[in-house]
Structures are given as C-alpha cells and as structure tokens.
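Good morning, colleagues. Please have the sequence and the model in view while I go through a few selected points.

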Amino acid sequence: MEAKDLFDIKMVFSNIPDILRFLPVTMELAVGAMIFSLVFGLLIALIRMKRIRVLSQIAVLFISVIRGTPILVQLYVTYYGIPMFLKYLNIKNGTAYNVNNVPGIIYAFVALAINESAFNAEIIRASLQSVDKGQIEAAHSLGMTYFQVLRRIILPEAIEVALPSLGNSFIGLIKGTSLAFTCAVVEMTAQGRIIAGRNFRYFEVYCSLAIIYWVITIIIERIIKLLEKKMAIPEQIVETGKEGDVA
Amino acid sequence: MIGVKNLKKRFGDNVVLDGVDLTIQQGEVIAIIGPSGTGKSTLLRCIDRLERPEEGELQIGDLQVDLSRASRKDMINIRKRTAMVFQNWNLFHKKTALENVMEGLIVVKKLSKEQARQIAEEQLKNVGLYEWRNHYPRHLSGGQQQRVAIARALAMEPDLLLLDEPTSALDPELVGEVLETILKVAQEGYTMLLVSHEMSFVRKVATRVIFMENGHIIEDGTPGEIFNHPKSDRVRDFVRKIEMFNAPEYVI
C-alpha cells in the first residue's frame, strides 16, 4: 500500500450525488420541524407573555427540560417512548395501533420539532417584547383588537428582529437532522454511513458530508441575508418627496 | 355631549385621579394645565381606556361605559369614538406616512384600500405632508411625525380628539409647525381635550382651560378667567411662574 492510496480525494466528490439523493429527507425533516416550531413557539411565547395561569408554568417547565437535555437523548426518548405510549393505549383502551407501522421519520420529526420549539419560543418571545410599546398603544387606541395589533403591528416588526436568530436556529436544526439515524431514518448522514459501510472509506464519506452541510449552510445564510434586506425599512424613498431634504 | 363621572385611578399607593368629573360640549377645545404628575395624562389615558381606572363612568353620545368594568367590546367602542395623539407620536415604524393613516381605516373601519387611500391622502394634505406620504417615520422629523400622527387620528373621525402633550418631546424649532396644525384642527370644529405646557398656545387655541393638581380639578374656566383672573392663589402662582419662562419665539 502506497501513501497516495490513503486518501482518495476523487471519492470525496463522487460520493456527493449518492448522498444528495437523501437531501429531500433531510430538508423535509428540517423544514417540517421548523414550521411546526414557529407556530408552536409563537403559541408558547404568547402564553408566557400573557401570563396565562397554569399554561404559563407548564411552558416554563417545558422550555427548561428541553433546553436542559441533549437532542440525542430526546431522540431516544421519543423513539422508545412513543411506542410504549401506543402500547399503553392499546392495553388501556383495547385499540390495535400497530407500533411497528410508525415510520422512523415520525419519531425524528417529533423530537426535532419539539426541541426546536423550545428554543424558538424564547427567540420569538424576546423579539415580540422588543417591539416599542408606544406603537402598540397607538394601534389599540385606533380601536384594533389584540389579534389585529399582533398581526399588523407587532409581528411584522418582531419578525425582522427574530430573523437572524431564527436563521441560526434553522441552520442548527439542519445539522441536527444528522442525528435522525438513531430513529432508523435514512437521511444524508445515514446514507453516508451506508456507503462507508460498503467500501470502508469512512474518512472520505465524512468529508463529503462536511462539504454538503457547509454548502447548504452557506446557501441558507444567503437567503436569510436577502430576507433581512427585504424586510428592512428602505434607506431613502426615491419615487416622491424631496430627496436629500429628509430629516 | 361627552361626560366623565367620578374618575378614580391610583398607581399603587399613589392616587393620581381622585374623583374627576368633566363635561365636554361638542366643539369645545379644552386645555388641561397643571404641574407634572397631577394626572393630566392619566385622565386622557383613562378616557381612551389605555389605563383601567378603579372607578369612573364615561359617556360619549349614546355610549355609556363603566370604565372600571369595560369589556373588550366596550373598549373598542370607546376607542372608535376617540382618537389619541401621543407625546412621542408613536407612528408605526414599518409603515409609510400614508400607510400609518390608512391602517385604522382598513382594519377598524373596514374601508376598502382605495377608499382608505383617498381619505388618508386628504388628511395628509390637510397637515401639509402629502409630498411626504411615502416616507417612513424614521425619515421624517419629529414635527412631521407628529403631524402624521394628527392626520392618523383625524382620519378616524373621532367624536373626541385627545392630545397628550403633543409638543413636549419636540425640538423647540419644530414646535411651531405642530401647534399650527393643532390650531387649524381646532378651528375646523373638532372637540378636543389637550394637555399642554405651551401656555401662550393654550391661551390662543382653548375655549376652556382646566387646572389640575393632585388628581383634582382645581379651576375650570375660559382662558381669560384662568390666566387673567384666577380664583385661587395656587393657579395664580402657577400661571405667573410658567409665563415667566414662556419665550416669545414659541408664540404663533
């Protein structure tokens, strides 16, 4: 064996198409969990801000537990916990849910979505609270209901504040999907492991994976920057008014 | 007719409004004056139900509401009939001047975008900011922002316009344009309740002046009565002190 056979750089790139076949699985998991976490996170944030009794305390506990435990542990807990829960329902109610019929991606989705919700709830709460109270009062004084104020005044401004943090959290989530193999889901990382299992070129495969995740992250960062720019108030209005004369 | 009866509001142990009664006739421009922290702004905020008083009734035309127990629906009904101009103008940052004025028309009055735009453009012309309609608040001066806020309030056709120290947060050189706008609005016949420390302006714009201290209305009369022939020593003292510092350049 010669030194040049140690590392097969061509294989790093030739692996990529084979791994990318499972990009849709990775993205489905990440985008699905993200959408769920935004809705659920907003709900938790509102419960905490409005200090709704009991629910608010549950929300605090939920966030504390989820943020205080590793995602890997959470994945295992859902993977083993949900089947146990279904079996319990079967015994208790005489139903016949087939535990083996639940696809692994469901467990991974549940774990990732819940984990992401806890983190995003805090990001969303901070951004909602950053909106200037004066505007909210002004909107109320026009006669708007709380939900009209939330939708038309608070959210458009809060989203701009939250976007960079939510973007980061989404990037983290994409990389988090690489743990879905623990629930027997074949996404990109799992596929990489399968390829490596066939040819024992583990190092090359993980290099391929690193490149893929890195490129995806760069693309997403770009998209977020673009969105941020689009949401920001333009520097100057050109169509009308007295340019150069603005205060 | 607009009436406030027995309005009481406290913040903790601090009694801010101690049973205020006030009757406002249509077309009256009432200025509330008095030292800081005597509940002038709180009175306005309770009327708009931005603060919840412990006691007090509000009547605006045929609408009668117990302010301490107002339901959500009551609150919205009150706010539909009143409009507030804030000290810090409080424009919506993410909306242009025009969109700021259109917002209430679309969301609360349920007008079509076209109708709302027409009214909003009319109101911005009225305050002399039509050319600035597509500018965002942060590209406008404080005085311009406050004039947009006035246009936003007037677009709602309120029965009562509440102005909470509308020029206190402005640079001195911008005060004039806002006072001019308010004067114009007053002359158009709007019913107004104004908290202000601009005494020479109050003299000019108000049809009635109320002096408040420690949550009570101490004196209530025409500007002539309050400024020239105050009944109580306290009001005489206040007017004398404040007029001493009222620089002539603010006078319009």
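Predicted model: local features only at pLDDT ≥ 70, side-chain atom pairs only at ≥ 80, totals over all residues.

By about what are R117(B) and E114(B) separated in helix α4 (residues 113-126) of chain B? They are separated by about one helical turn, because they lie three residues apart in that helix; helices here are DSSP runs of H or I with at least four residues, numbered from the N terminus. The side chains of R117(B) and E114(B) meet in a salt bridge, at 4.0 Å from N to O. By salt bridge I mean a side-chain nitrogen of Lys or Arg within 4 Å of a carboxyl oxygen of Asp or Glu. R117(B) is partly exposed, at 31% relative accessible area, where buried means under 20%, exposed over 50% and partly exposed in between, with a 1.4 Å probe and protein chains only.

Residues are numbered from 1 along each chain as its sequence is written, chains are lettered from A and ligands numbered from 1 in the order in which they are written, and side-chain values use heavy atoms, with hydrogens and water left out.

As to confidence, pLDDT is the predictor's own estimate for each residue, from 0 to 100. Chain B has a mean of 93, and 96% of its residues reach 70 or more. Within chain B, the lowest confidence falls in helix α9 (residues 233-244), at a mean of 85, and the highest in helix α3 (residues 97-107), at 97.

Helix α9 of chain B holds another pair, R236(B) and D233(B), which are three residues apart and so separated by about one helical turn. Their side chains form a salt bridge of 2.9 Å, N to O. R236(B) is partly exposed at 41%, whereas D233(B) is exposed at 58%.

Let us turn to the interface. Chain A contributes 32 residues and chain B 31, contact meaning heavy atoms within 4.5 Å. Three salt bridges cross between the two chains. K94(B) and E160(A) meet in a salt bridge through their side chains, at 2.5 Å from N to O. On the side of chain A that touches chain B, α6 (133-141) and α7 (146-176) each supply at least two residues, and α6(A) gives the most, with seven.

Finally, T26(A) in helix α2 (residues 23-49) of chain A is buried, with a relative accessible area of 0%.
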